[in-house]
Amino acid sequence: MSDIDSRTEPRPVTPSTILAAELREVTELLADVASIPHELMSRITRMRDLAAGLDPYLERCTTEESSALAALSQRTHTADWASRPVEQEMLSGQVEGQLLKFLVHMTGATRVLEIGMFTGYSALAMAEALPPHGEVVACEIDEYVAGFARESFAESAAGARIVVEVGPASETLRRLNGTSRPFDLVFLDADKTGYLDYYRTLLDTDLLTANAVIVVDNTLMQGQPYAPADGRTGNGDAIADFNHYVAKDPRVEQVLLPLRDGVTLIRRIAV
């Protein structure tokens, strides 16, 4: 396999793809064991195929991405991130991008805030769904990644609706509060240990409209929040704490969708 080929093969980072990879290895290990009953092997193989087929089927049954999004995705997958504190698996992808576009349309959002942009796939997807006067304010801490995204935005008409704010998102939020019109939709996909602080800032300031929706990515965090606690990473602990806090917050109602690495939709309610 060439260097380019190896860079284009994402590793499993969602509960379903991790499960599929585990089951594939188990079936390979058991393939040469003569004592394995046929019925047991057949059922393990079926479990493997169910897990492995899920994400490809979701993609086939979801609206195709635009040519601009496809090009951005290809650029991200073929770039060399080895020397960077980021990885290609951070890209949202076709199904989640289409979900975000759907939410922009459904909510009638004209002002969107993204906390954690990476190479800009989700920002561009949401911008494509906005009306001509709409705007995405995208926060990104990494200057190199922000530049990478801007190059892709420049190739798309919808990219003109995106304003990139480079720097710590917590500082950007403090600056935007009181100086910017409130946001109708927020997509949170930044450092996982900062999720709770970002969430509290959004709920405790004037950054949101009354009917705003917050979309939070990676809330299943590779299955770690519901796995035994001794196997969690720091990010897994942070997401488990975040999910627990939101579930107990009487100010909001929420639903956690098992899409990719988990997506939680949060809406503020009157209390």
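Ring pairs link Y195, Y199, F242 and Y245 into a cluster. The model is predicted, so local features need pLDDT of at least 70 and side-chain atom pairs count only at pLDDT 80 or more, while totals for chains, interfaces and linings use all residues. Side-chain values use heavy atoms, with hydrogens and water left out, and residues are numbered from 1 along each chain as its sequence is written.

Reader: What is the geometry of the pair Y195 and F242?
Author: Rings of Phe, Tyr and Trp (its six-membered ring) pair if their centres lie within 6.5 Å, and planes under 30 degrees apart count as stacked, over 60 as edge-to-face and the rest as tilted. The centres of Y195 and F242 are 5.5 Å apart and their planes stand at 75°, so the pair is edge-to-face.

Reader: How many residues apart in sequence are the parts that Y199 and Y245 tie together?
Author: Y199 and Y245 form an edge-to-face pair, 6.0 Å centre to centre with 85° between the planes. Helices here are DSSP runs (H or I, at least four residues) numbered from the N terminus. Y199 lies in helix α9 and Y245 in helix α10, so the parts tied together are apart in sequence by 46 residues.

Reader: Is Y245 buried or partly exposed?
Author: Buried means under 20% relative accessible area, exposed over 50%, and partly exposed in between (1.4 Å probe, protein chains only). Y199, with a relative accessible area of 1%, is buried. For Y245 the relative accessible area is 28%, so this residue is partly exposed.

Methods: Helices (H or I, at least four residues) and strands (E, at least two) are DSSP runs, numbered from the N terminus.
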